[in-house]
Amino acid sequence: MSEDRASTSKEWPLYEVFIRARSGLEHKHVGSVHAVDARMAIEHARDVYTRRQEGVSIWVVRSADIVASDPAEADALFEPARDKVYRHPTFYDIPDEVKNL
Amino acid sequence: MYTQGLDLLEPDRAGRGDRAALAELEARFQARIDADERIEPKDWMPEAYRRTLIRQISQHAHSEIVGMLPEGNWITRAPTLERKSVLIAKVQDEGGHGMYLYGAAETLGVSRDQLVAQLLSGAAKYSSIFNYPTPTWADVGAIGWLVDGAAIINQIPLCRCSYGPYARAMVRICKEESFHQRQGFDIMHALARGTQEQRRMAQEALDRWWWPSLMMFGPGDADSRHTAQSMRWKIKRFTNDELRQHFIDVTVPQADYLGLTIPDPQLRRDPESGHYRFGAIDWSEFQRVVNGEGPCNRERLEARRRAEEEGRWVREAAAAHAAKHRAREARA
């Protein structure tokens, strides 16, 4: 469907841009650019988001291809984790005399 | 930034008469704002909040794009190669800022083409400051020092704006603005230490840009239509008059340092409050320039329309090229 829209609309499709600031770090979402294809999106992302050496690697992905969770369903989605505090180490009372735990 | 248009269902449904549900959504929304939570693109938001943000962010984006023109005027005539490199970098930054902001506006469900069309038709406004001309090199210095200086003061509080994508774009912009202001002050400083003729140029540029810079903060609080609601929504954190006063307080000592005179005979420091008191702003000039009668309004819009028109074949050729490649890959 997104392909059809790209060929009928004159507007260049939107790409989301992710940048790795330096090796060892993950790619992080920084914004978006319009481009005719992925290659041009990378060139535009270079010009728009890395004018001051902000990155060593760029990912781009068509915005239309991102599947996101619905904020209206956030409760149903994330609530099950709320009452499972025993998953955190701070849940457990360890006697002061016991070390390295 | 993020996919768009996914959040248009809720207000429509509520708009069909279910007032209680709408009031409930609005109350929950305001509670999130009051708790200093950020609003993200797919979250429910009142239509008026969305419209206010689209108007403000797109005006801001248009201002960055039109703002490239007065300084671009001097790229070919910068006095040294270094000044030229700096000016190119600055103008390129303004273009980048426009792109960050259009991206943020697009998360609210409006397309880039719609936004550009609003600018070119004159339906959308941009900062009236860019409708003033840059007759000398000193104007480039005054713009960096005063116009970018005023912009920084306006923009720093926007880094904490309640709408996430706008706030994030502003963080990026503010990091880059400081370079703009400093390079402008550096130009003014060089001229102020130069020959008598250069000092005169610097003074005249200050005379031209001082009052328009003060107008950049918008009408006084008593006449500002949007301030109260924008502050409730935490789009805005300080009033126009508060920001303007802050700008004057930090800028006057800088002018003193340069040995230049601020063109306001009523300007004086109030020893009790520590603030500078200043003369009346000519709001009729502001209204004239906002409504299209400034010295360069027509020239600026014509330049943007010409750029759009002359770039059309490039955009279409690039799209056709990409479509051909997609078709070829699909066959292979």
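1. Four salt bridges are counted between chain A and chain B, a salt bridge being a side-chain nitrogen of Lys or Arg within 4 Å of a carboxyl oxygen of Asp or Glu. Among the salt bridges is the pair R51(A) and D93(B), whose closest N and O atoms are 2.7 Å apart. In general, side chains of opposite charge can pair when their charged atoms come close.

2. Before you read on, please keep in mind that this is a predicted model, where local features need pLDDT of at least 70 and side-chain atom pairs count only at pLDDT 80 or more, while totals for chains, interfaces and linings use all residues. Residues are numbered from 1 along each chain as its sequence is written, chains are lettered from A and ligands numbered from 1 in the order in which they are written, and side-chain values use heavy atoms, with hydrogens and water left out.

3. Now to the interface as a whole. In chain A, 26 residues are in contact with 26 residues of chain B (contact means heavy atoms within 4.5 Å). The two chains bury about 2,200 Å² between them, with 49% of it on carbon and sulfur atoms; buried area is the accessible area (1.4 Å probe) that two parts lose on being put together, summed over both. Of the area that chain A buries against chain B, 25% is supplied by E11(A), R51(A) and R52(A), more than any other three residues.

4. Eleven residue pairs, both at pLDDT 80 or more, are in polar contact across the interface of chain A and chain B. A polar contact is a pair of N or O atoms within 3.5 Å; within protein, one must be able to donate a hydrogen and the other to accept it, and residues adjacent in sequence count only if both atoms are side-chain atoms. On the side of chain A that touches chain B, β1, β2 and α2 (38-49) of chain A each supply at least two residues.

5. Helices (H or I, at least four residues) and strands (E, at least two) are DSSP runs, numbered from the N terminus, and two strands pair if DSSP finds at least two bridges between them. Chain A has an open sheet of three strands in the order β2-β1-β3, with antiparallel pairing. Its edge strands, β2 (27-34) and β3 (57-62), each pair on one side only. Strand β1 (residues 14-20) of chain A pairs with β3(A) over six bridges, and F18(A) has W59(A) in β3(A) as its bridge partner.
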